Amino acid sequence: LSERANARERERERKGREKGRRRETMRTSGPSSLFARVLFFSCVVLLSASEEASGIKFRMFPNINNKECISEQVPEEQWDLVLDSVEANFRKNANRNLTDREIAARLASFRRPVQIEIGFLTMSPNPTDQTMKPIDYVIMDSKGGMISSRTSVTQEEIDWKGHVGGKGPYSICFTANKQFGVVEVDISYFHINVPEAIGTKYESHSSELSAEDIRDMKPVINEEELQYFAKEEHIAKLKGDMRQLGAAVYQSYYEQQHIKQILQRQHRGIYTIAGKTKVLGYIETFLIILCSVLQFIFVRRLFKNKKLVRGLTSMEL
């Protein structure tokens, strides 16, 4: 019992020393480091809560750290579908039984065209400050190679279609200039997509791909999908959906024509009102100038008549 009591007493003393060290650290670190910890923890929570790097807003303090990076990769479900086609094509063209190590190596080395879409803008944290806050940015792939870069931008919508790579992650790094002070960066969206390349404009990047990548990139239809599309009722349903889509396109087209006509009518009315306002303005200006000239003439004549009367009265006297 005495040993247990001594152990508890030692545990209480140890906890008391740790609390004293934490208090001392808080005193020496000051409010600035405490604010930095809170800000860092908030950023970590926000980044971990979101599945995609979209709708993120953060502030950059150039005097403390003038560089911030955000990473994104191809969505897991989308990339898994791509790898399923790659594995099916790889097995089909091997003409032999493949080991798990060979399949894993092929999937790891697979490369294809990737589309990078980023939209962001910069502003001042102070709502009353409307000064421009330009920053520099660099887009990099998973190996650290530079894909694209620009300097002194305040708003950008990036749609990069000329890169061939893997799943990622892909990063965009922002660099703030000290002369512009604190900058608030608002990232509207950051997506990495793998668009269909066979028979589309992305096929022009095939020169950067190996023969195996081009072969394995072709989509594969499994037996379930083949049975689904081979049924007559499904084809009839697909035709019905196409007719509905055509009707929707037809309606949208003529709705746009109607809106265009409304805009033309409004523009014509605005132009007519602007012309009338201009004419009335010219008439008003002319009348003001005419009244000013007449006022000047009448006042001058009045003073001349007064001088003439004074001269006549002096002569009579």
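1. Let's start with the sulfurs. A search of the whole structure turns up one disulfide (a pair of cysteine sulfur atoms within 2.5 Å). Keep in mind that this is a predicted model, where local features need pLDDT of at least 70, side-chain atom pairs count only at pLDDT 80 or more, and totals for chains, interfaces and linings use all residues. Residues are numbered from 1 along each chain as its sequence is written, and side-chain values use heavy atoms, leaving out hydrogens and water.

2. Which cysteines are joined in the disulfide? They are Cys69 and Cys173, with 2.0 Å from S to S. The pair links distant parts of the chain, 104 residues apart: Cys69 sits in strand β2 (residues 67–72) and Cys173 in strand β7 (residues 170–176). Helices (H or I, at least four residues) and strands (E, at least two) are DSSP runs, numbered from the N terminus. The torsion about the S-S bond is about 110°, so this disulfide is right-handed.

3. Now, buried or exposed? Buried means under 20% relative accessible area, exposed over 50%, and partly exposed in between (1.4 Å probe, protein chains only). Cys173 counts as buried because its value is 5%, while Cys69 is partly exposed at 43%.

4. Next, the salt bridges: the structure holds five, each being a side-chain nitrogen of Lys or Arg within 4 Å of a carboxyl oxygen of Asp or Glu. One of them pairs Lys167 with Glu76, whose closest N and O atoms are 2.7 Å apart. Lys167 lies in the loop between β6 (155–165) and β7, and Glu76 in helix α2 (residues 76–94), so the pair ties together parts 91 residues apart in sequence. Lys167 is partly exposed at 21% relative accessibility, and Glu76 is partly exposed at 43%.

5. Also have a look at Arg91 and Glu87, whose side chains meet in a salt bridge at 3.2 Å, N to O. These two are four residues apart in helix α2, so about one helical turn separates them. Arg91 is partly exposed at 40% relative accessibility, and so is Glu87, at 25%.

6. β1 pairs with strand β8 (residues 183–193) in the antiparallel sense over five bridges; strands pair if DSSP finds at least two bridges between them. Arg59 has Glu184 as its bridge partner in β8.
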